[in-house]
Amino acid sequence: MGNTKSKKVKISQNEPPNNEEKNNERINSIKTEIAGADLIRNIKDDGEDLDQNKDRDHDNASSASTVEGTIFLLLANWDGSNRIERDKPDEIMKIVTLTCIIFIFINEMGNAVARSKKQPADKIKLYYFFISPPCRAVMLTARMLGIEFELISVNLLTGEHLTPEYLKINPQHTVPTIDDNGFILWESRAIMTYLISAYGKNDDLYPKNARIRALVDQRLQFDLATFFTRWHALYMPMFMGGEYDDEKAAKLKEALDWLNAFLDSRVFVAGDNFTVADISMVVTMTNIQAFGFEYKELENVVKWFERSKKILEPYGYKEIDEAAAEVLAANLPE
Ligand SMILES: N[C@@H](CCC(=O)N[C@@H](CS)C(=O)NCC(=O)O)C(=O)O
């Protein structure tokens with residue numbers, strides 16, 4: 001191979017290059033290198049966007065792209081002519097095929113690293129109550145991550161969450177709460193994003209990209225502060241003998257309309273990929289459905305809900321979420 005730098009340079013004249021030509025060569029060499037790396041990075045990113053279930057590790061992406069870009073350039077020079085013969089289709093096919101093979105190999109190496117992400121030392125304890133919506137969201141997330149909890153039921157109906165022992169763990173006396181080898185955390189959405197960050201094989205469910213993550217966070221906070229809260233405000237007082245309140249119902253309908261608008265030209269709530277924000281909002285939707293609140297005229301919501309349930313079904317959607325919401329709804333006083 002000799003000097004790789006000189007091999008990356010397109011030399012079309014036979015005469016030795018003068019100084020100015022040498023400088024141009026260097027500039028061209030750098031430009032070509034950047035273009036090669038970008039080209040392969042784009043191919044890789046497009047592929048990942050199309051198949052979000054595929055394992056990936058964005059941490060490795062930039063170094064992998066540089067390696068791939070270099071390989072691309074070496075391939076461009078593999079016949080020793082130091083240039084890609086763009087007018088020869090066979091030549092181009094050879095390059096594309098070999099590039100693809102090498103790209104797949106590098107990608108698989110990255111996946112092997114991603115799969116070996118660490119597991120908790122001992123099983124994480126989950127303090128939960130089976131009908132609690134935020135507990136259901138945490139359990140679905142854990143299933144998607146392949147995390148097996150040590151489940152500790154805290155019966156809210158008999159006041160187990162108010163015992164001195166539980167208050168020592170969580171003075172705010174809410175479920176879900178986790179104990180990950182001494183690390184205590186409550187608030188379901190914080191738990192879900194922690195589990196993904198600490199134990200996810202990749203960042204699919206909570207992407208590291210700043211703008212995508214910002215949208216996921218916005219949706220999670222919309223669910224916490226508005227969507228779930230409005231469902232809760234309408235139905236929870238009814239468990240204590242309150243009446244169905246039309247004003248509160250209108251507020252919940254407004255939140256559903258907003259969700260419908262978020263889903264305009266989006267497959268999932270924060271973009272084209274399924275994320276933790278979808279899990280959180282699916283659980284709220286499951287309650288809405290179980291309590292018979294009308295939403296079927298909202299086409300985007302209906303399609304997204306069906307699509308998301310299909311993704312969650314292999315991870316216990318029916319048992320963990322749907323069945324529990326039905327138990328809750330069945331206990332709503334007439
Ligand atoms: N925003 C919290 C809500 C937690 C919450 O209020 N959980 C309820 C059960 S659904 C609870 O523990 N209630 C008992 C209490 O607040 O004393 C989360 O998402 O985790």
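This is a predicted model: local features need pLDDT of at least 70, side-chain atom pairs count only at pLDDT 80 or more; totals for chains, interfaces and linings use all residues.

Student: How many residues of H10 are buried?

Tutor: The general idea is that a residue is buried if 20 or more other C-beta atoms lie within 10 Å of its own. In H10, 14 of the 15 residues are buried, so the helix is largely enclosed by the rest of the structure.

Student: Which residues of the largest nonpolar core touch the most other members?

Tutor: That core has 56 residues, and Val138, Leu140, Met192 and Val276 touch the most other members. Elements that each supply at least two residues include strand E1 (125-128), helix H5 (133-145) and helix H7 (188-199). H10 gives the most, with nine residues.

Student: What does Val276 touch, leaving out residues up to four places away in sequence?

Tutor: Its contacts are Thr141, Met192, Thr193, Ile196, Leu205, Tyr206, Val216 and Leu220.

Student: Is Ala137 buried or exposed?

Tutor: Ala137 is found in helix H5. It has 27 C-beta neighbours inside 10 Å, so it counts as buried. Beyond four places in sequence, Ala137 is in contact with Ser188, Met192, Ile279, Ser280 and Val283.

Student: Which residues are around the ligand?

Tutor: Among them are Ser132, Pro133, His161, His173, Glu187 and Leu224. By class, the shell has six nonpolar, five polar and one charged residues.

Methods
Residues are numbered from 1 along each chain as its sequence is written. A nonpolar core is a set of buried Ala, Val, Leu, Ile, Met, Phe, Trp, Tyr and Cys residues joined through C-beta atoms within 7 Å. A residue is buried if 20 or more other C-beta atoms lie within 10 Å of its own, exposed if 12 or fewer, and partly exposed in between; C-beta atoms are placed from the backbone. Helices (H or I, at least four residues) and strands (E, at least two) are DSSP runs, numbered from the N terminus. Two residues are in contact if their C-beta atoms, placed from the backbone, lie within 7 Å. A residue is near a molecule or strand if its C-beta atom, placed from the backbone, lies within 6 Å of it. Ala, Val, Leu, Ile, Met, Phe, Trp, Tyr, Cys and Pro count as nonpolar, Asp, Glu, Lys and Arg as charged, and the others, Gly among them, as polar.
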